[in-house]
Amino acid sequence: MDKWVQLNNQAAGRDKIARLIQYASRAIWDSLDNSNCHPALVDNFKTIEYILSTFRKLLRFGKGLDAFYASLKAIHYPDLTIRVTLTLSKVSQSLFLLADHLLWLARTGLTTVDTKKWSNVANKYWLFSIIMNLCRDFYEIVRVLDLHKAGCRGGITRCKIPASINSPADVKRLALQSFVLVQGHKDIVVDTVKNVCDVFIPLTALGYTSLTPRTIGLLGAISSVAGLWALLDSTAKLTPS
C-alpha cells in the first residue's frame, strides 16, 4: 500500500496510472461498441479516454526539455551501442514531447495548429524512439545470452541448455533455465514487453498497421502495467534509462 501511495505522489506514477485507465477505457468502449451496447455508455468511456489523454499531456508539459537534457548525459555512456540507442531515443522522445506540447496547446484553445499534421509528426518521433529502445533491448538480450554461454563453457554444467528435447527431463531443465534467466534479468524482460506493446500504437496511428481500438487498448494497458512494475520494483527497471 505504501508503494502505491508513493507512486501516486510521483508525476511519473500518476502518468502511468492515468495511461493504464486511458487505454483500458479504449479497449472497453470498442468492446461495448461491437456488442451493440447503449451508445451513451460507449460515449462515456470515450470521454474518459479523452480526458485522461489531455490530463497526461498536461503532466508531460515541459518534459521535452528534460528529455533533451537527458540525451546530453547519455552521450557520455561508455558502451557504444547503449550510448547511440539511448541518445537517439532521448532526442526523438524530446521532439515527440515538443510536438505533443503543441497538440495540448491546441486542445486548450491557446493556439491553432494543424492537429493532424502535428499528430503524425509526434507519432513518427515516438515510433523512432521506441525502435531505438527495442534495438537496445535486443542488444541487452544478446549480451545476457553471451554471458550465459560463457558461464556454461566455464564449467557450470547445470546451466547447460539441452541441444535437443527428447524427454520430460529436458523440458523441465529448459523451463527452469528460462525461469532463472527471466528472474535474473527481469528488467530487460519488462522493458522489452513494454516496448513491443508500445510500438504498435504509433504504427497504427500512422496507418502502417490496422489494429482495432480494442487491441491497441489492450497493448497500451499491458505496456502501462509494465511501466508501473518498473516504478514499483527497482530491480525491474532497466538502467540506464
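By salt bridge I mean a side-chain nitrogen of Lys or Arg within 4 Å of a carboxyl oxygen of Asp or Glu. Both Arg136 and Glu140 lie in helix H6, four residues apart, which is about one turn of the helix. Helices here are DSSP runs of H or I with at least four residues, strands are runs of E with at least two, and both are numbered from the N terminus. Arg136 is buried, and Glu140 is buried as well. The term buried stands for under 20% relative accessible area, exposed for over 50%, and partly exposed for what lies in between, with a 1.4 Å probe and protein chains only.

Two remarks on provenance. This is a predicted model, in which local features need pLDDT of at least 70 and side-chain atom pairs count only at pLDDT 80 or more, while totals for chains, interfaces and linings use all residues. Residues are numbered from 1 along each chain as its sequence is written, and side-chain values use heavy atoms, with hydrogens and water left out.

Where does Asp79 lie? Asp79 is found in the loop between helix H4 (63-74) and H5, and it counts as buried because its relative accessibility is 19%. A polar contact of 3.4 Å joins the side chains of Asp79 and Arg143; such a contact is a pair of N or O atoms within 3.5 Å, where within protein one must be able to donate a hydrogen and the other to accept it, and residues adjacent in sequence count only if both atoms are side-chain atoms. A polar atom of the Asp79 side chain also lies 3.2 Å from the backbone nitrogen of Ile82. Leaving aside neighbours within four places in sequence, Asp79 is in contact, meaning heavy atoms within 4.5 Å, with Tyr139 and Arg143.

How many salt bridges does a search of the whole structure find? The search finds nine. One of them pairs Lys57 with Asp100, and their closest N and O atoms are 2.5 Å apart. This pair links distant parts of the chain, with Lys57 in helix H3 (residues 39-60) and Asp100 in helix H5, 43 residues apart. Lys57 is buried at a relative accessible area of 9%, and Asp100 is buried at 2%.

Lys186 likewise forms a salt bridge with Asp233, the closest N and O atoms being 2.9 Å apart. Lys186 lies in helix H8 and Asp233 in the segment after helix H9 (213-232), so the pair ties together parts that are 47 residues apart in sequence. Lys186 and Asp233 are both buried.

Not counting residues up to four places away in sequence, Trp126 touches Arg19, Tyr23, Phe96, Ile201 and Pro202.

Thr87 lies in helix H5 and is buried, with a relative accessible area of 13%. Its side chain reaches the backbone oxygen of Arg83 at 2.6 Å. Beyond four places in sequence, Thr87 touches Ser71, Ala74, Ile75 and Ile82.

Finally, the chain as a whole. The protein chain has nine helices and zero strands. Of its 241 residues, 36% count as buried. Among contacts between residues at least 6 apart in sequence, 71% join residues at least 24 apart. As one instance of separation along the chain, the C-alpha atoms of Leu232 and Gly13 are 219 residues apart in sequence and separated by 9.0 Å. Leu232 lies in helix H9 and is partly exposed, with a relative accessible area of 22%.
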